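Hi everyone, thanks for coming along. Let's look at a protein together, starting with its overall fold and then moving inside.

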Amino acid sequence: MKNNTKFEKILSVATALLLWQLVAVIISEEVLLVSPVKVFIRLSELIFEKSFWSAILFSFIRITSGFFIAIIIGTLLAIIAYRFKIAEVFLWPYISIIKSTPVASFIILCLIWLSSSTLPIFISTIIVIPIVYTNMLAGFKSTDKKILEMAEIFNLSFKKKLLFIYLPKIKPHFISACTVSIGLAWKSGIAAEIIGIPSGSMGEMLYNAKLYLATADLFSWTVAIIVISILFEKLVLLIINKLFSSFGGL
């Protein structure tokens, strides 16, 4: 069954690449749309350039830092909101505003207060917090009240309640939050770099590629961002599953 799923995914990717190649040939104008073959060739050239890896490292550190900060803040806010109803009420307008405000508005506004190099960290953090908060709060609220009452009757310690009651309920919500927010962290972080243009970032490379109509570079950097985002997501999910497994095989 897994082999069939992998084959289907490979087939769908191959079909998409073939369609891309066909459209590129029909348009026959590389400034508008470069072929996947040209992108692969250009990407294979970029990976041997020092600036390519330094730009990846620059952006990776800042965007992933923002993601992990958001995980901590969002989880803590969810715990507080779960314990104190008044906190959930007061947090509601802030979470709603962040979820509804366009990323570009945040970026332009934050450029007034922050340097371009710290902007991706803050933007990634602020965009991910609502996702983590809402998912974690939903996880806490899904905990069966009767089981919690039973735990109180039998005087279960906080550690046991955490391991055997809360964590099993939280796990799917936490994984869902991470799965959704990692992609958003990268999208918002790179968008912040494109607008703020911090020197030596992936966003700067994308901006320069657009400025000089280097379409092959533009697509190559985009492919690199997608691949890094996917690999980072898989790594994070692997670590999360390992951590939960260490807590009593959850």
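So, the protein has ten helices and zero strands. Helices here are DSSP runs of H or I with at least four residues, strands are runs of E with at least two, and both are numbered from the N terminus. Please keep in mind that this is a predicted model, where local features need pLDDT of at least 70 and side-chain atom pairs count only at pLDDT 80 or more, while totals for chains, interfaces and linings use all residues. Residues are numbered from 1 along each chain as its sequence is written, and side-chain values use heavy atoms, with hydrogens and water left out.

How big a box do the C-alpha atoms fill? Along the principal axes, roughly 75 × 50 × 30 Å.

Next, contacts, meaning heavy atoms within 4.5 Å. Take those between residues at least 6 apart in sequence: 73% of them join residues at least 24 apart.

Now for what is inside. Of the 250 residues, 38% are buried. Buried means under 20% relative accessible area, exposed means over 50%, and partly exposed is in between, using a 1.4 Å probe and protein chains only.

That brings us to the nonpolar cores. A nonpolar core is a set of buried Ala, Val, Leu, Ile, Met, Phe, Trp, Tyr and Cys residues joined through side-chain atoms within 4.5 Å. The largest one has 41 residues, and Phe-67, Phe-174, Trp-186, Met-202 and Trp-221 touch the most other members. Several helices each supply at least two residues of this core, including helix 3 (50-83), helix 8 (158-196) and helix 10 (215-246). Which helix gives the largest share? Helix 8 does, with ten residues. Apart from this core lies another, of nine residues, among them Ile-98, Leu-119, Ile-126 and Ala-192.

Let's zoom in on Phe-67. Leaving aside neighbours within four places in sequence, Phe-67 is in contact with residues including Val-128, Cys-178, Ile-182 and Phe-232. Cys-178 counts as buried because its relative accessible area is 1%. Cys-110 is buried too, at 2%. As for disulfides, pairs of cysteine sulfur atoms within 2.5 Å, the structure holds zero.

One last stop: Ser-35, in the loop between helix 1 (2-27) and helix 2 (36-46). Is Ser-35 buried or exposed? Buried, because its relative accessible area is 12%. Not counting residues up to four places away in sequence, Ser-35 touches Trp-20, Gln-21 and Ala-24.
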